[in-house]
Amino acid sequence: MVGMKMILPSPGKLMALNCTLFAPSRGLPFRHGHLPRFPIPTVSMNEFMLPRWFASKPPPEIFALNKRISHLVRTGLLAEARVLFDSSSQRNTITWNSMITGYVKSGEISKARDLFDEMPTRDVTSWNVMILGYTRSHRGVHGFVDEARAMFEQMPERDHVSWNTMISAYARIGRMDEALKLFQAMPDRTVVSWNAMVSGFLWNADMARAVELYEQMPERDSASLSAIISGLVQNNKLDEAAGILEKYGSKICWKKGLVHAYDTLVAGYAQRGQVKEARALFDVIPKGEKNVVSWNTMIMGYTRVGDIESARRLFDEMTERDTFSWNTMISGYVHNRSMENASNLFCGMPEPDILTWNLMVSGYAESGNLWLALDLFKRMPKKNLVSWNTMIAAYGTNNDFKGAIDLFIRMLVEGEKPDRHTLSSVLAACTGLVDLHLGLQIHQMVVKTVIPDLPINNSLITMYSRCGAISEALLLFNEVKAYKDFISWNAMIGGYASHGLAVEALELFELMKRIGVKPTYITFISILNACAHSGLVEEGRGHFQSMTQEYGIEPRVEHFAALVDLLGRQGQLEEAMEVIESMAMEPDKAVWGALIGACRMHNNIELAWVAAEALMRIEPDSSAPYVLLYNMYADVGQWDEATKVREVMEKHDIRKHTGHSRVGSL
DNA sequence: GTAGGGTTAG
């Protein structure tokens, strides 16, 4: 019966059918090619009345066509499927349904609807696919679920798939009342209906009702169990999940997909870094029942906690790996700061996908190897937005801001549309280049392309404040009332500080603390610099002290540099030197640079020599300390000493233009 | 050879 509803024979076939099957029994004489007088028994036709070969088998060419079309649809080659569909003279309902499914799955609901309206005979699947299409299309938060419901009401007959599709649709958008009404109204609930309801409660954070319904289920399969475990895991109820798995898992056999439920809980433990628990569960799964997901999940668990060796042991043990396995392992190497191992795997991987390439590019970029990152980026067979964003950000983190901008332009030329991540990186590059003109242009693009959020606003504030457009920065800073984080504050305070507006910086700093936003080490760098530039020695020292004592922030080398600068500028050179000697870490060139600058300012040649020698050790090729010493001697007219410095410099073959250190500009 | 519920990364 079911088979016949779908396969309505063409009129010619039907006629022949009636000749052979019904006419003789009724004893009515008729000639071949004439329509019989009695009603054509379409409804009562079933497989008992028809030869099996006719009832279940369409012509082989249609079968082949359908197989081809559904294959193309599944592999996403929709346009090719459509060409084949249009060029075929013989189609049946499955041909149409397959084509409609293609449009539905790619979200082209209006094309699907056109075909649906056009098709000569619709079966229950045609309706079900259209309903599914409407429920999965997006319009606002509710999608086209009301359209789906209208079709559901309109369809001539419904089967359990129709009901289940509709229930699932309501459950997904949180209309559990509607879902429940349908669930109660449907004539024969299947395990899928129950699962849809249970999942619905899970998605809508109603754990209690989900569990309650789960316990009431007449039968549970592995999907039900996976769903409930997934819900419990998401609600951090790992123990309860383990209990449910133990209680109900024993009633489901491995052959019926019990492994999925195990995978879910293994993943739950893995995500929380509980590798021991994950491994114990993983080991319960019989060897032959472990699937690729089980292995991948366990490998992921190990990489997450940085146990890359155990991850690799499992990876090597696997008999069948998929792209996911390779990517997880490569990602593990990339994130546990080992590009050599990642690269070895990458080279041995049979079919790297975009994710693999992106992983490798970001790995090289993060390890500072911009050149290799770029090389891989150029050789990518296919790029997506993430690839572009990764590479643009890579330039930024390696301080090649010009490179970031150039690549961004290239991206636009190639027709790729930037998103908030791209624009954020590009704004950071504008900041690095202190290019207000470009920053303004990017701001325009931000306004046109994305809904501003906190990170993008922070990027804008940072860009404006660093480029000296303090009033624009302040405008944006004040605009984001509800969502301001420490980055916003740091950006604004840093902007004031770097433009000599120490009073404003300090005022904002006080406000920040009063509001309850915790300052970070970056805030203190700005504050100490602001104090240094405006000679607020005691205030600066006080902030340095409160940083360590009140906020528990370990002073970094930048703080010491600012403190040395602060003291040195005021002529407290001995105190500055004491600070350097008290440092737990090796002073860097900024620290010594601050000291040598102060020495020149206050004509302390002895201490200048100490700083200069330290700088020469740090950067042997830099001319800056020599130039500074030369100038100091020249200032006081000690030309013989000045000449000596110059001779030593020439002897070491140091040219004046080498080394663009910050010290050189002091 | 077409439709519905559940699992793993970034």
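F509, F524 and Y551 form one aromatic cluster, and this cluster is a fitting place to begin a report on the side-chain contacts of what is a predicted model.

**Aromatic pairs**

Across the whole structure, a search finds 15 aromatic pairs. A pair of aromatic rings is described by the distance of the centres and the angle of the planes. In the pair made by Y134 and F144, the ring centres lie 6.2 Å apart and the planes meet at 55°, so this pair counts as tilted. Because Y134 belongs to helix α9 (residues 124-136) while F144 sits in the loop between α9 and α10 (145-154), the pair ties together parts that are 10 residues apart in sequence. Both Y134 and F144 are buried.

An edge-to-face pair is formed by F346 and W357, with 5.0 Å from centre to centre and 85° between the planes. F346 is found in helix α22 (residues 339-348) and W357 in helix α23 (residues 354-366), so this pair ties together parts that are 11 residues apart in sequence. F346 has a relative accessibility of 10% and therefore counts as buried, and W357, at 11%, counts as buried too.

**Charges over rings**

R91 lies over the face of F85, at 4.3 Å from the ring centre, and the charged end of K383 sits over the ring of F377, 5.0 Å from its centre.

**Salt bridges**

Side chains of opposite charge can pair when their charged atoms come close. The structure holds 23 salt bridges, and three of them are set out below.

| Salt bridge | N to O distance | Location |
|---|---|---|
| K255 and E289 | 2.8 Å | loop between α16 and α17; loop between α18 and α19 |
| D283 and R279 | 3.1 Å | both in helix α18 |
| D316 and R312 | 3.1 Å | both in helix α20 |

D283 and R279, by contrast, are 4 residues apart in helix α18, about one turn of the helix. D283 is partly exposed, with a relative accessible area of 44%, and R279, at 26%, also counts as partly exposed.

In helix α20 (residues 308-317), D316 and R312 are likewise 4 residues apart, about one turn of the helix. D316 counts as partly exposed at 44% relative accessibility, and R312 is partly exposed with a relative accessible area of 25%. Finally, R149, E153, E178 and K181 are linked in a network of salt bridges.

How values were computed. Residues are numbered from 1 along each chain as its sequence is written. Chains are lettered from A and ligands numbered from 1 in the order in which they are written. This is a predicted model: local features need pLDDT of at least 70, side-chain atom pairs count only at pLDDT 80 or more; totals for chains, interfaces and linings use all residues. Side-chain values use heavy atoms; hydrogens and water are left out. A salt bridge is a side-chain nitrogen of Lys or Arg within 4 Å of a carboxyl oxygen of Asp or Glu. Helices (H or I, at least four residues) and strands (E, at least two) are DSSP runs, numbered from the N terminus. Buried means under 20% relative accessible area, exposed over 50%, partly exposed in between (1.4 Å probe, protein chains only). Rings of Phe, Tyr and Trp (its six-membered ring) pair if their centres lie within 6.5 Å; planes under 30 degrees apart count as stacked, over 60 as edge-to-face and the rest as tilted. A charge sits over a ring if NZ of Lys or CZ of Arg is within 6 Å of the ring centre and within 35 degrees of the ring normal.
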